[in-house]
Amino acid sequence: MTNLASGSGTQGDQSDEGRPPDLTRRRALMAGGAVIAAAGIGAAAFDGAASAAVQPGAGGAASGSRAVAKAQDACYQLSTENVEGPYYIDAENVRADVREDRQGIVLTLRLTVIDSVTCEPVPDAAVDIWHCDAVGVYSGFESGGGGPGGGAALKGTPTTNTRFLRGTQPTDDEGKVEFTTVFPGWYVGRAVHIHVKVHVDGAWTDGGYEGGHVCHTGQFFFDETAVVASASVSPYSTNTTRRTTLDQDGLYDGSGVTGGLLALTYTQGHIEDGVVGTITMGVDPDATHDGTGGP
């Protein structure tokens, strides 16, 4: 098996501007004044757990207070905020398997949502994903520019009723959720990616997830080695659109796991047998990041 784990980077500052003062103060107290480290967790990314390394004291064992301090300091922020993009449709399909009739390499997407201050899981959050198919088409936008080179002029205005490769699920008590989808393809101007939103404080209804607010909007990215391997597999091999590499992408910040780079596991030389993608998302449930501020 091939394990491709992303590197680490530094986290951008998150402002408290606009948060209710009581919530901001509460989170500061819970953090105990600790600095939240922004770093990848290597192999630990595969089980979606954030790890805390306790450093021994001068006598070879960590004191109780030092162990607590290190535990507070070791909450990793593993994803950064990003733009929503032009093809978002409100969460309405609560399901684990989002493939419908789309063909491609099966991708099992395993996500964990944790509170970036407390390191605790965020249960019953709504995790919403969407992405294009193997040839760069987003459901709901097949006509008038929704395929390779699709136009941002269609932002927020679906042109069809299709909803393949879109889905929403609740996180379990450990903050985990798993989707079955296909490895995304590519279109003009963007590297291979998956969009994600995390909604909290809402309610599950027959129509999906309603109310609450979006505390995280991000994108997941794929290692170039895996993308190149996928390009020789049908139907990806029929996609003649010039591909934008990860380094060329204008929205990936190059920070590895922190920037949304998935840890991928697949059989070397046989990516067509399936891929598992894993990442932990550190989110601030008190914040609002709807991703609508960018292009």
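This is a predicted model: local features need pLDDT of at least 70, side-chain atom pairs count only at pLDDT 80 or more; totals for chains, interfaces and linings use all residues.
Strand β3 (residues 126-130) and strand β4 run antiparallel, joined by five bridges. Strands, like helices, are DSSP runs numbered from the N terminus: a strand is E over at least two residues, a helix H or I over at least four. Two strands pair if DSSP finds at least two bridges between them.

Residues are numbered from 1 along each chain as its sequence is written, and side-chain values use heavy atoms, with hydrogens and water left out.

Now look at the cover over β4. Strand β4 spans residues 166-170, and four of its five residues are buried, so β4 is largely enclosed by the rest of the structure. Buried means under 20% relative accessible area, exposed means over 50%, and partly exposed lies in between (1.4 Å probe, protein chains only).

Strands β3 and β4 belong to an open sheet. Its four strands follow the order β4-β3-β6-β7, with antiparallel pairing. The edge strands are β4 and β7 (208-221), and each pairs on one side only. On average, neighbouring strands of this sheet are turned by 20° against each other, direction ignored. Axes here are lines fitted to C-alpha atoms, for helices over the stretch in contact, and angles run from 0 to 180 degrees between N-to-C directions.

Move across the sheet to β6 and β7. These two strands run antiparallel, with 12 bridges between them. W204 is bridged to Y209 in β7. A203 lies in strand β6, which covers residues 193-205. With a relative accessibility of 38%, A203 counts as partly exposed. Beyond its neighbours within four places in sequence, A203 is in contact (heavy atoms within 4.5 Å) with G208, Y209 and E210. A125 sits 78 residues from A203 along the chain, yet their C-alpha atoms are separated by 9.4 Å.

Next comes strand β2, residues 106-115. Eight of its 10 residues are buried, leaving β2 mostly covered. Strand β2 has pairings with β5 and β9. With β5 (residues 176-182) it runs antiparallel, through seven bridges. V106 has V182 of β5 as its bridge partner. With β9 (residues 275-283), β2 runs parallel, through nine bridges. Here T112 is partnered by T280 in β9.

Step back to the whole chain. Its secondary structure comes to three helices and nine strands. Along the sequence the pattern reads β-α-α-β-β-β-β-β-β-α-β-β. The chain has 295 residues, and 49% of them count as buried. Of the contacts between residues at least 6 apart in sequence, 79% join residues at least 24 apart. The chain exposes about 12800 Å², and carbon and sulfur atoms supply 50% of that area. Accessible areas come from the Shrake-Rupley method with a 1.4 Å probe; for residues, only the protein chains shown count as cover.

Finally, the cysteines. How many disulfides does a search of the whole structure find? It finds zero. A disulfide would be a pair of cysteine sulfur atoms within 2.5 Å. C132 counts as buried because its relative accessible area is 1%. C215 is buried too, with a relative accessible area of 1%.
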